[in-house]
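Subject: Structure handover

Hello,

The structure you asked about is below, followed by notes on what was found in it. Please read the notes with the coordinates open.

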Amino acid sequence: KIHFDDREQAAEAATARMTMTAGDIARECGGQLSGSTDAVIARVVIDSRKVAPGDAYVAIRGENYDGHRFCEAAVDAGAAAIIVDTRGEWPASVGERATIIQVDDTRDAIAWIARAWQRAWRSIGANKILIGVTGSAGKTTTKDLIAAGLSPVRRVHKSEGSLNNETGVPLTLLGLRPHHDAAVIEMGMRGLGQIAALADIAEPDIGVVVNAGVAHIGILGSAEAIVRAKSEMFSHLSGPRIAVCPADDPRLIENARAADRLITFGDEGDVTIVSDVRAPAPDIATDITLRIFGETVAFRSRLIGYHSAENAACAMAAVIASGIDPKVAAAGLARARPATMRGEVENIGGRMVIIDCYNANPLAVVRALDTLHDRKGTARAVAILGDMLELGDHAAVHHRDIGAAAAARGIHVIATGELATTVAEAATSEHDTAEVASDPAHAATLALAATSPGDWILVKASRGARLERAVQAMRKATT
């Protein structure tokens with residue numbers, strides 16, 4: 001049994017079904033099975049509220065919750081199998097109504113099941129391609145761009161949002177269906193060995209490293225360790241084993257030689273940005289021209305900023321690696337739109353607000369400041385900057401750097417968060433005094449007071465700062 005997005009896809013898949021039984025699952029994850037081995041599993045889910053008849057429910061144990069508490073709810077919803085760990089507790093009635101598979105660790109189990117599922121997906125067609133994407137900044141946007149570039153000729157499955165960790169990657173892979181002929185899987189990293197582990201599950205044909213900045217330096221300790229961690233993608237490729245990385249990073253290029261083929265992007269790369277990427281005002285768009293192995297293509301992107309052109313070049317490199325014509329890929333890239341809180345532009349009270357507060361690290365913040373500076377023209381530019389997290393002992397110096405970067409670009413800074421004073425002091429210059437806000441709502445008030453209709457405002461911080469509250473406050477104050 002397979003769930004499909006529509007009936008046409010069901011007809012196409014009739015001759016090539018992907019199926020998995022409870023017995024298959026128990027064998028893949030080395031589990032002890034009680035109940036029917038022949039129960040056919042429709043999907044594998046970890047949220048009991050999303051269980052449908054025929055699903056397998058995996059009880060994940062987290063820091064703040066224990067999925068074993070919801071086993072009975074999953075069975076009530078029609079779960080055919082329940083996957084639990086040996087320490088879990090659940091009502092005895094659950095085992096009477098569904099197959100129980102006991103494993104040592106349910107997170108490991110879902111990874112093994114996902115690997116088996118993507119291998120089954122590959123086995124039903126010779127034209128399947130899987131692309132893995134990681135990077136310190138821009139990996140989610142690049143993942144979406146790759147999917148858009150593939151979409152004119154391939155039916156693409158991709159990671160939703162930022163489902164890129166040890167649970168998100170397996171869940172994404174388990175969403176593969178027979179009608180998909182391409183998958184784009186985002187892989188996050190918080191330590192050495194994590195990209196390798198995720199790549200072992202997904203087994204990408206094409207491995208993309210967008211960049212290797214200093215995000216997570218507080219965890220890994222050095223820029224060199226970050227490069228090693230990101231480069232694990234290149235040594236865990238499958239199939240044609242194609243690597244994609246920036247042309248201006250010799251560290252990544254050296255590590256990418258572990259692949260069978262390397263395609264670079266950026267200045268002097270195989271895919272090169274060759275034009276001014278600023279669209280004429282007042283368009284909220286970017287004109288991009290790329291030279292791909294000597295062939296030139298141009299298109300207008302709804303994503304703004306030079307870094308968006310770099311992400312588009314990276315995406316183009318990955319798409320052509322899969323065998324798609326550059327002009328066809330460009331048509332797909334032109335249709336891409338910014339994801340929520342990842343460079344969206346909204347008119348709030350006549351101000352153009354760049355909402356880019358899903359995540360932040362030093363490289364991403366400087367890129368966002370460059371975009372703000374480029375887009376403002378003769379208008380005033382204000383940046384609401386919150387804390388960048390996971391920088392450890394390096395936090396103070398990196399926050400001073402972004403304050404100084406804003407001052408150098410003539411951008412007025414309103415800083416909020418634990419390191420607000422550090423940012424504001426560095427952002428204060430002989431021409432401008434930065435401000436410190438007590439919270440996001442206060443930052444919104446200061447930003448509106450410092451600007452007039454026609455001016456530009458950037459909102460940027462790590463996700464934990466929840467700086468979207470400043471956006472919400474600006475909307476409320478201007479409606």
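Two notes on conventions. This is a predicted model, in which local features need pLDDT of at least 70 and side-chain atom pairs count only at pLDDT 80 or more, while totals for chains, interfaces and linings use all residues. Residues are numbered from 1 along each chain as its sequence is written, and side-chain values use heavy atoms, with hydrogens and water left out.

Overall

The C-alpha trace spans about 75 × 50 × 45 Å along its principal axes. The secondary structure comes to 18 helices and 22 strands (DSSP runs numbered from the N terminus: H or I of at least four residues for helices, E of at least two for strands). Of the 479 residues, 56% count as buried (under 20% relative accessible area; exposed is over 50%, partly exposed in between; 1.4 Å probe, protein chains only). Among contacts (heavy atoms within 4.5 Å) between residues at least 6 apart in sequence, 61% join residues at least 24 apart.

Cores

The largest nonpolar core has 53 residues. A nonpolar core here is a set of buried Ala, Val, Leu, Ile, Met, Phe, Trp, Tyr and Cys residues joined through side-chain atoms within 4.5 Å. I25, V44, I83, I101, L173 and M187 have the most contacts inside the largest core, and helix α5 (residues 106-123) supplies its largest share, eight residues. Beyond neighbours within four places in sequence, I25 is in contact with M20, I41, A56, I83, I101 and I113. A second, separate core of 42 residues includes F265, I273, A313 and M316.

Helix α12

Because 14 of its 16 residues are buried, α12 is largely enclosed by the rest of the structure. N311 is found in this helix and is buried, with a relative accessible area of 2%. Not counting residues up to four places away in sequence, N311 touches G138, T141, T142, L145, V210 and R367. The C-alpha atoms of N311 and V210 are separated by 7.3 Å, although the two residues are 101 apart along the chain. Just after α12, G323 takes a positive phi of about 100°.

Regards
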